[in-house]
Amino acid sequence: MATDHPYARELGDFLRARRARLRPQDVGLEPGGRRKVIGLRREEIALLAGLSTDYYQRMEQGRDVRPSDEALDALAVALCLDGDERRHLFDLARSARRPVHARPRRAAERVPESTRRLLHVMGTPGLVLGRHLDVLAWNPLAEALLGDPADRPLPERNMVAVLFRDPEARMLCQGWESMARQYVAMLRAAVADDPDHPRARALVGELSIHSADFRRLWARHDVRENVHGTTLFQHPEVGGITLDWDTYPLPGNPGPVLLVFTAEPGTADAERLQLLASLRATRDHGGDTAARRQPNAIARAPHKGALVQQGRVQVADWDEGIAGPDGVRTKRVRYCGD
């Protein structure tokens, strides 16, 4: 009989997803004839892990089983789990051993004042994300790059929700699929800490209803504790800018993470990031009105061959200057799209 233990259910779902991604040849087995299942069969995983098929089947069904660490080690090898996935497997199994009524501690998420000060002295976009990737704090450069989180209602102020519910996010992030997979994997790891957390249930439930892409990626059961990547942003003010992004854990258990976007020093992307900072500083000091009156003062979503009036801050990889029909010195922006 299946248990109502949330961690046992999550453990069973994880095992099924990891089994489905393997092919017989991945683990040294002969494919054989026509197969009725995607991935390996339960009996094949049980054989590779040295477990009985019945015992392994009960684990996948979320039944009240308590595998030993030795059995979990064998399963991790049989399923070809990486480091994050192995830790996830052990965390779920150990949590499933606890009584159902032993709920994790759910403390309110707060950002220390020292962390807020750190955000505002950073010369690069940065955000603090909560355990379910809610945006808790951000600096002006993050607002300039991604938009103002304060413009969204609190329940929608979430990195995963923005990626899947906001069409503009797909236009801004050229590497949308990769970024979305990473963030879903990070959310999966967070949900595993407390599957019945009200915020987790509400967020996953709403995204599952409204986004087929989220349902597809959520069903993969990918898991990552901290993520990183590189994304080409098509920013409406500075054009194409490629940034690396990384997450760093902050104190707490589970604690928030610091998400930081950086550009390689000395590159055109670093120049564009500096341009974005300068434009933001100009707006903060009351210069936004003047900039709006001069639509050619900054590059807004340049296309191939777009001409942009030379401003006080130059982008490093502009081609050599040419004179426009009105005699104003201009620069031709190199196309940075696909």
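Colleague: Which side chain does a polar contact of 2.5 Å join to that of D166?

Modeller: This is a predicted model, in which local features need pLDDT of at least 70 and side-chain atom pairs count only at pLDDT 80 or more, while totals for chains, interfaces and linings use all residues. Residues are numbered from 1 along each chain as its sequence is written, and side-chain values use heavy atoms, without hydrogens and water. A polar contact is a pair of N or O atoms within 3.5 Å; within protein, one must be able to donate a hydrogen and the other to accept it, and residues adjacent in sequence count only if both atoms are side-chain atoms. At 2.5 Å, the partner of the D166 side chain is that of R152.

Colleague: Is D166 buried or exposed?

Modeller: D166 is found in the loop between helix 8 and helix 9, where helices (H or I, at least four residues) and strands (E, at least two) are DSSP runs numbered from the N terminus. Buried means under 20% relative accessible area, exposed over 50%, and partly exposed in between, with a 1.4 Å probe and protein chains only. Because its relative accessibility is 16%, D166 counts as buried.

Colleague: With which side chain does that of T231 make a polar contact?

Modeller: T231 has its place in strand 3 and is buried, with a relative accessible area of 2%. Leaving aside neighbours within four places in sequence, T231 is in contact (heavy atoms within 4.5 Å) with residues including C173, M179 and L243. The polar contact of its side chain, at 3.0 Å, is with the side chain of W245.

Colleague: Which helix supplies the largest share of the lining of the second largest pocket?

Modeller: On a 1 Å grid over the protein atoms alone, a pocket is an open set of points where a 1.4 Å probe fits, with protein on both sides within 12 Å along at least five of seven lines; lining residues have an atom within 4 Å of a point. The second largest pocket is lined by 35 residues, with E143, L145, L146, G147 and D148 nearest its centre. The largest share of this lining, 5 residues, comes from helix 7.
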